[in-house]
Amino acid sequence: MVDRSLDQYYQYNMSMANDREVLRGIWEGKLPVCFQLGESEISGVPAPEPYYLMVPRLSYFPLVTDRVRKHFVKYIDLAKQDLELWLEFNGVPLKWHYPIGVLFDLFLPDISLPWVITARFDKFPDNEILHCPSREAVESHFMSSVKEADALKHRGQVISVMQKKDHNQLWLGLQNDKFDQFWAINKKLMEMASGESEFKHIPIRFYCGNNAFIQKLIRPINDDGKRKTLRAVIEDIFPTEYSNYFSTTSPEYL
């Protein structure tokens, strides 16, 4: 009995350690980006050099573009230097409230590395993207997403008992790209709450091109009591696309 308990304890901790390494690997994913100032924005000569950054896939562009703005702002008309910076790829304005990695994946396979993005100040496309007046707007968006996810998983029971300092630590961990700082709090949101055997629903979004994302209530357990697979979720949400895909592709690739 003692040996079995120790073995279970060892296996649990090994699993947690392996999971942590996977999470760290995902967290450390970065993309090389080449920011260029739009030609119509340039005032005078010489034209500015491109600005290169390695940006975290899990972050948001407004959290990493302060230096981009500082680099380019002196090359634009003085009257426009206080305007909001926005980004564009292949003529498409980039939605700042999408994680950087999601934006990158949406444009595949039309991207080569480094990812060349155009920085603009003039003619903000109000009808295509949201304004982002400050980092506080990003924080508000991020925390709203966290609260929504917790409501789906735990009926909001976890986030509601966290203190303000926990919220701050979660946000600062993301903002400053600090894995340990972020996950010290986020792990509470990823565990079962007291009295739970499963999450109520799985928070999941499907991003489809430049269209609005698709979100649907997904229970983790099927009616037969078996755990639901990602493949089953995709088949449920995209029945036509799923059928067409697997009419020409082997199922083992999903």
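**Strands.** I began with strand β1 (residues 30-37), which runs parallel to β5 and is joined to it by five bridges. Strands here are DSSP runs of E with at least two residues, helices are runs of H or I with at least four, and both are numbered from the N terminus. Two strands count as paired if DSSP finds at least two bridges between them. I picked out Leu-37, whose bridge partner in β5 is Ala-119.

Before going on, I noted that this is a predicted model, where local features need pLDDT of at least 70, side-chain atom pairs count only at pLDDT 80 or more, and totals for chains, interfaces and linings use all residues. Residues are numbered from 1 along each chain as its sequence is written, and side-chain values use heavy atoms, with hydrogens and water left out.

Next I checked strand β3 (residues 86-89), which pairs with β5 in the antiparallel sense over three bridges. There, Glu-88 has Thr-118 of β5 as its bridge partner. Is β5 mostly covered or mostly open? Mostly covered: in residues 115-120, five of the six are buried. Buried means under 20% relative accessible area, exposed means over 50%, and partly exposed is in between (1.4 Å probe, protein chains only).

**Rings.** I then counted aromatic pairs and got 15. The rule takes rings of Phe, Tyr and Trp (its six-membered ring) with centres within 6.5 Å; planes under 30 degrees apart are stacked, over 60 edge-to-face, and the rest tilted. One of the pairs is Phe-35 with Phe-61, edge-to-face at 6.2 Å centre to centre and 85° between the planes. Phe-35 lies in β1 and Phe-61 in the loop between β2 (51-56) and α2 (66-72), so the pair ties together parts that are 26 residues apart in sequence. Phe-35 is buried at 0% relative accessible area, and Phe-61 is buried at 3%.

I also found an aromatic cluster made of Trp-27, Phe-142, Trp-171, Phe-179, Phe-182 and Trp-183.

**Cavity.** Last, I looked for holes: there is one cavity of 30 Å³ or more. A cavity is a set of points on a 1 Å grid over the protein atoms alone where a 1.4 Å probe fits but cannot get out, and lining residues have an atom within 4 Å of a point. Which residues line the largest cavity? I listed Trp-27, Pro-56, Leu-58, Ser-59, Leu-174 and Asp-177.

How values were computed
On a 1 Å grid over the protein atoms alone, a cavity is a set of points where a 1.4 Å probe fits but cannot get out, and a pocket is an open set with protein on both sides within 12 Å along at least five of seven lines; lining residues have an atom within 4 Å of a point. Grid points are joined across faces, edges and corners, and a volume is the space filled by probe spheres set on the points.
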